[in-house]
Every structure is written in structure tokens, then in C-alpha cells.
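Hi everyone, thanks for coming. Please have the sequence and the model open beside you, and we'll walk through a few places together.

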Amino acid sequence: QTVQKTDVGQVINENKKLIMIILGAIVALIVGYSIYNHQAKKTYNENLGQVYAFQTDVIDQFNSSKIKDVEFIEKIKAMPSHLTGQPTLVPALFTSLNRLVENGKTVEVISILETWTKHFNNSSYMYYFIGLKLAPLYEDTTQHEKAINILQSLIASKIDVIKSRLYLDMGRVYLKKNDKVKAKENFEYITSNFKDTEMSKIAKLYLQGL
């Protein structure tokens, strides 16, 4: 009886239904992964094609003055959400947005960037880059509360790039709001936490003015 219980053939025979179920599940997982992997590669390649098409048909055409501001803005607003934040598109897109601002389309650019922020988590680098562009645009259009809110969200993120600059910008915006108390808090934070930096020197100049 002991030999029969330990015999591989006997064990398989007694548990063949369970073994068949397990094998079936393994096969299903392998097939499923293969399909998923194939689809992922297909989607990736399709996205690359769309990125290239948008770059050449929209961004390059605008930067070479072959399409006008209004048409470009319409195409940007109609851009598929999955293209927003594509690394290869970001530099050219931001250059185009800068050009729109120079052409007096600041309000339209703010609207575009606000729409983009909804596609990204507040802690993502893409949100951070968009916020860095939005804050000064809010400031230039005297939307001080919005500028402060976006700066606060950038400061609160785990990304420690140019934090001192963000505090300096916050202080300046509070000054424009005539809130000298809050402005002073931000400038003093810089001088205390970012000593011997260029931002600290600038903050001290603002403090002297207060």
C-alpha cells in the first residue's frame, strides 16, 4: 500500500482531474500572456506612428508657419489623450506653446495645459513640467490664486528639482497680491534652507525691500 501511494503513476491517476485543471490554467496563462504581449507591442508601434504623424503634420507645420495659430490650437485640443506626455513630443510641443504665448495666445495655452494636467498624477514628472509652465502664465494673467495653488502642488511633490525657485516664485506672487506676511515667510524659508545659493541672494534682496 505504501509503494502504491508513492508511485507517481498512482498519484497522477488519483488526481488527474486536478492536474488537468492546473495544466489547463497554465496553458491559458501562457496563451493569455502571449496575446497580451503581442497586443502591447502592436499598440506601442501604433502609438509611435501616431506620434510621428502628429509631429510632422501638426507641430512641424506650425513651427515652419505653414499652419496658423487658430488651426494649430484646434489640432492640439483634438490631440488624442494618449499622445499627451509622450517623451518624444514634449520638447517640440512646449516650444510650440511658447510660440503661441509670444503670439498673444496665453489664455488658449493656459486652457490647453489645464486640460493636460487632468491626465497626470500630481506626483508625476509630466505634471511637474506642465505646472512649471502654468505658474508663470497664471502670474502673467494676474490669476494669483491659481499660480499659488499650482506652486504649492509642485512644492508638495516628491520631486526636489528647483525647490528654492518655487519658493521664490511663491514669494513674488504673494507680493503681487500685497500679502507681505506670506511673501516674507517664503523668502525667509529660502534664506534658511537654501543658504549660499543664487535664490537665497535674490530672496535677501526681496526681504530688504520689505
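The largest pocket holds about 160 Å³. A word on how that is found: rolling a probe the size of a water molecule over the atoms shows where empty space is left. Here, on a 1 Å grid over the protein atoms alone, a pocket is an open set of points with protein on both sides within 12 Å along at least five of seven lines, whereas a cavity is a set where a 1.4 Å probe fits but cannot get out. Grid points are joined across faces, edges and corners, and the volume is the space filled by probe spheres set on the points.

Before going on, please keep in mind that this is a predicted model, where local features need pLDDT of at least 70 and side-chain atom pairs count only at pLDDT 80 or more, while totals for chains, interfaces and linings use all residues. Residues are numbered from 1 along each chain as its sequence is written, and side-chain values use heavy atoms, with hydrogens and water left out.

Back to the pocket. Its lining, meaning residues with an atom within 4 Å of a point, consists of L132, A135, P136, E139, L151, I162, R165, L166, D169, R172 and V173. Two elements give two or more residues each: α7 (125–140) and α9 (163–176). These labels come from DSSP runs, numbered from the N terminus: helices are H or I with at least four residues, and strands are E with at least two. Which element gives the most to this lining? That is α9, with five residues. By type, the lining has seven nonpolar residues, four charged and no polar ones. In this count, Ala, Val, Leu, Ile, Met, Phe, Trp, Tyr, Cys and Pro are nonpolar, Asp, Glu, Lys and Arg are charged, and the others, Gly among them, are polar.

Let's stay with α9. Is this helix mostly open or enclosed? It is largely enclosed by the rest of the structure, because 11 of its 14 residues are buried. Buried means under 20% relative accessible area, exposed means over 50%, and partly exposed lies in between, using a 1.4 Å probe and protein chains only. Among the buried ones are Y167, L168, M170 and G171. The cover over them includes α7, α8, α10 and α11 (198–209). The end C-alpha atoms of α9 are 20 Å apart, which agrees with the 20 Å its 14 residues should span at 1.5 Å a residue; the expected span is 1.5 Å times one less than the number of residues. After α9 comes N178, with a positive phi near 65°.

Now over to T191, in helix α10 (residues 180–193). T191 counts as buried because its relative accessibility is 17%. A polar atom of its side chain lies 2.9 Å from the backbone oxygen of E188. Leaving aside neighbours within four places in sequence, T191 is in contact (heavy atoms within 4.5 Å) with S200, A203, K204 and L207. The C-alpha atoms of T191 and S164 are 9.3 Å apart, although 27 residues separate them along the chain.

G104 follows α5 and has a positive phi, near 85°.

Not counting residues up to four places away in sequence, I112 touches I73, I76, K77 and L97. Is I112 buried or exposed? I112 is buried, because its relative accessibility is 3%. I112 and I73 are 39 residues apart along the chain, and their C-alpha atoms are separated by 8.4 Å.

Two loop residues deserve a stop. S65, between α3 (16–63) and α4 (69–77), has a positive phi of about 65° although it is not a glycine. T142 sits in the loop between α7 and α8 (144–156); its phi is positive too, near 55°. T142 counts as exposed because its relative accessible area is 58%.

Finally, let's zoom out. The protein chain has 11 helices and zero strands. Of its 210 residues, 34% are buried. Among contacts with a separation of 6 or more, 53% join residues 24 or more positions apart.

Notes: A polar contact is a pair of N or O atoms within 3.5 Å; within protein, one must be able to donate a hydrogen and the other to accept it, and residues adjacent in sequence count only if both atoms are side-chain atoms.
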